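Hi,

Here is the structure I promised to pass on.

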Amino acid sequence: MKILGISGSLRRDSYNTKLLRTAGELLPAFVELEVWDGLKETPPYDEDDDVQPAPPAVVALREAIAEADAVLFATPEYNSSVPGQLKNALDWVSRPLATNALRNKPVLVVGASAGAFGAVWSQAELRKILGATGARVVDADVAVGHAPTKFDEHGTLADEELRDQLAEAVETLLAETPARHLALAV
Amino acid sequence: MSALTVTSAGTWTLDPVHSAIGFELPYLAGTFRGQFKDVDARLTDESLIGSARVASVDVKDENLAAHLQSPEFFDAERHPQLRFESRELDRDGGQLTVRGDLTIRGVTRPVELSGTISEPITDGYGRERVGVKLETTVDRTEFGVNWNPPLPNGEPSLANEVKLVAELYFVKEA
């Protein structure tokens, strides 16, 4: 079983990427986390370019999402909203709407920010965007505020309460995956 | 309550081509309508059972149809069918009242449908036909269909009260 992790931050030492990696440590052994590292290569969305074949970075992202059982997004907050490059990538993935790779895909949104609120407005907007694509947005959230104080020197989320919240949120995501539904149905 | 006597006892199956199960609700300054192309129903003296396949939702834009099937609306993947099953039919002349259970998005709630039923006619192939028109109004949020982004002034863009309309044409089984 595989979860694709997409960080909305491109920064090398991104707290959101660290948040994804911590989520990977909290996953059961049978679940693999792949952290997407191609976000920066996604070209700007232009409907004139949205033809077959799509740009390679877009093809790769669409395929990675399609192959994953679920997607975990960790987003920072820029001007009370979602970083432009993440929104741009989702605009590519969402088309065509009726058959896009996010359709019915279980997705979880979490976020970290240097400020007090842990990207809650950005997270809300990202949930709205993902809902519009047809994704199955799970009802769980984790907001890591004051992020520089919450990670240890190895880049792992150190705050116990937040780790518990993250583990619970990821479990909610796993519970929504078709693979888990099949396992429960047997 | 009086037992329904459509005509002689028997089972009536749906003529799906000439039947329609649809919905309408206030949206912005107008009314938004849609219907389901793939529907089925069965009528006897004691019961009316009907269903509609969510993936067959028919609206005038393919992206809108995709949105209606998504988890934000009907969630066709998890809940592929809408279903109604009567508990009680009550006929008074041409008036028909049907009480039963409606299932949308996996949530089942009691509803009362009211409308009309025609006298049977015989078509050109010698088959008996009868027409039933029923409607009811439900609060979609009671079934978990909650999507409703606010307008810039904060008012909701979509009403919660939805009128469901069924025009059903039945052919008597031989």
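β1(A) pairs with strand β3 (residues 70-75) of chain A in the parallel sense, over five bridges. If you want a place to start in that pairing, take Ile3(A), whose bridge partner in β3(A) is Ala70(A). Do bear in mind that this is a predicted model.

β1(A) itself covers residues 2-7, and five of its six residues are buried. β1(A) also pairs with β2(A), residues 32-35: the two run parallel and are joined by four bridges. There, Leu4(A) has Glu34(A) as its bridge partner. To get from β1(A) to β2(A) the chain goes through helix α1(A), residues 15-26, and this β-α-β crossover is right-handed.

Back to β3(A), where the burial goes all the way: six of its six residues are buried. In a regular strand, side chains alternate between the two faces of the sheet. So which residues of β3(A) sit on one side and which on the other? Ala70(A), Leu72(A) and Ala74(A) are on one side, with Val71(A), Phe73(A) and Thr75(A) on the other, and both faces are covered.

β3(A) has a further parallel pairing, with strand β4(A) (residues 106-112), again described by five bridges.

α1(A), the helix in the crossover from β1(A) to β2(A), packs against helix α5(A), residues 160-175, with the axes 10 Å apart and at an angle of about 70°. Angles of 65 to 115 degrees count as roughly perpendicular, so that is how α1(A) and α5(A) are arranged relative to each other. On the α1(A) side the residues are Thr22(A), Ala23(A) and Leu26(A), and they meet Leu166(A), Ala167(A) and Val170(A) of α5(A). What is the make-up of this contact of α1(A) with α5(A) in nonpolar, polar and charged residues? Five are nonpolar, one is polar and none is charged.

Last, the contact between the chains. Chain A and chain B put in seven residues each.

Cheers

Methods:
Residues are numbered from 1 along each chain as its sequence is written. Chains are lettered from A and ligands numbered from 1 in the order in which they are written. This is a predicted model: local features need pLDDT of at least 70, side-chain atom pairs count only at pLDDT 80 or more; totals for chains, interfaces and linings use all residues. A residue is buried if 20 or more other C-beta atoms lie within 10 Å of its own, exposed if 12 or fewer, and partly exposed in between; C-beta atoms are placed from the backbone. Two strands pair if DSSP finds at least two bridges between them. A crossover is right-handed if, with the strands pointing away from the viewer, the path from the first strand over the helix to the second runs clockwise. Axes are lines fitted to C-alpha atoms, for helices over the stretch in contact, and angles run from 0 to 180 degrees between N-to-C directions. Angles under 35 degrees count as roughly parallel, over 145 as roughly antiparallel, 65 to 115 as roughly perpendicular and the rest as oblique. Two residues are in contact if their C-beta atoms, placed from the backbone, lie within 7 Å. Ala, Val, Leu, Ile, Met, Phe, Trp, Tyr, Cys and Pro count as nonpolar, Asp, Glu, Lys and Arg as charged, and the others, Gly among them, as polar.
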